[in-house]
Structures are given as structure tokens and as C-alpha cells.
Amino acid sequence: MNPTNTAKEFFEGCRRLEQRINGKIGEAERLRLIATRATASYSDEPRSGGNGQGPVERAALQLVELEREIAAAIDEMVEHRKKAQLVIEGLPDDRYRDVLTWRYFSMWSWEKIAEAMNCERMQVWRLHGRALLEANRQLGMAPPSRTMLTFSSVTE
């Protein structure tokens with residue numbers, strides 16, 4: 001992990017985990033749809049070969065496994081968010097806390113944050129950079145160089 005991006009990567013982890021969970025939830029919804037569309041066929045004749053699983057059974061088994069994965073990912077996200085929230089709560093400036101919370105927990109765009117703060121997007125980027133610098137200090141990381149901070153804190 002690049003020490004100049006540690007705080008940013010740490011907070012982006014919240015966004016990535018939530019996006020991963022949303023993807024899995026979408027996949028689960030598709031499996032549920034498949035399972036409800038598939039119909040079981042009943043016959044007095046014994047089946048020959050195969051594993052004895054029809055489309056409904058396969059979809060149900062995949063859905064159960066996927067729901068386990070979703071639950072584990074949610075647990076991971078909750079723990080990560082708790083740690084990130086502790087760092088954010090320790091920041092000395094309300095504006096820093098707001099920018100990081102809105103960006104990484106609420107997943108707001110830079111434009112929406114600027115509107116909420118009643119300022120220009122460039123000012124939000126600067127606040128974001130300063131907030132990351134403070135967060136790096138709290139995480140015990142060396143402060144990034146000013147050039148790296150400006151570039152890395154503006155990119156999405």
C-alpha cells in the first residue's frame with residue numbers, strides 16, 4: 001500500500017465494500033427470479049443420470065451460498081465503517097468530517113458536496129485533501145507530499 005494514499009484507500013474501502021455488496025444483492029435478485037420462473041417437472045419415472053438437481057434446486061443452492069457471501073461482506077463492511085468512523089470523528093474540523101462522511105459513507109459526488117457546503121468544487125477538493133492529511137496523521141502514516149495529495153485527493 002502506498003503510504004501517500006493510505007487514508008484515501010482506507011476510506012475508499014467503505015465505498016468498494018458497499019458496491020461489492022450491492023452487486024451481490026443484484027445477483028441474488030436475478031437468481032430469485034430464475035428460481036421462480038423455473039418449474040419443477042414431476043414424473044413417476046425415476047431419473048437416470050445427473051445429480052438429481054433441477055434448475056429450481058440449483059438456483060436455490062446458489063442463492064443460499066450467495067446470501068452467505070452477502071452476510072459475510074456486510075459484516076466486513078460494518079467493521080470497516082466502524083474503524084473509519086472513529087478516524088473521522090477524531091478529525092479537528094467539522095468540515096473535514098462532513099466531506100469524508102458524505103464522500104465515503106453517503107457516496108456523494110463532488111458537486112453534491114460542494115452544493116451542501118455552499119462552496120466551489122475546488123474548495124471541496126482542498127478540504128478533502130486536508131482531511132486526508134489529518135486522517136493520515138491519525139492513522140500514524142507519514143504525511144503525503146503536497147503534490148501527491150493534490151493529485152490523489154482529486155481523482156475519483
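F11 counts as buried (under 20% relative accessible area, with exposed over 50% and partly exposed in between; 1.4 Å probe, protein chains only), because its relative accessibility is 0%. The model is predicted: local features need pLDDT of at least 70 and side-chain atom pairs pLDDT 80 or more, while totals for chains, interfaces and linings use all residues. Residues are numbered from 1 along each chain as its sequence is written, and side-chain values use heavy atoms, leaving out hydrogens and water.

Y104 is also buried, at 2% relative accessible area. Rings of Phe, Tyr and Trp (its six-membered ring) pair if their centres lie within 6.5 Å; planes under 30 degrees apart count as stacked, over 60 as edge-to-face and the rest as tilted. This rule gives four aromatic pairs. F11 and Y104 are stacked because their ring centres are 5.6 Å apart and their planes at 25°. The pair joins helix α1 (residues 6-37) to helix α3 (residues 94-105), across 93 residues; helices are DSSP runs of H or I, at least four residues, numbered from the N terminus. F10 belongs to one aromatic cluster with F11 and Y104.

Two charges sit over rings (NZ of Lys or CZ of Arg within 6 Å of the ring centre and within 35 degrees of the ring normal):

| Charge | Ring | Distance to ring centre |
|---|---|---|
| R81 | F105 | 4.4 Å |
| R103 | W110 | 4.0 Å |

I113 is in contact (heavy atoms within 4.5 Å) with V99, W102, R103, W108 and V124, leaving aside neighbours within four places in sequence.

Note on methods
Helices (H or I, at least four residues) and strands (E, at least two) are DSSP runs, numbered from the N terminus.
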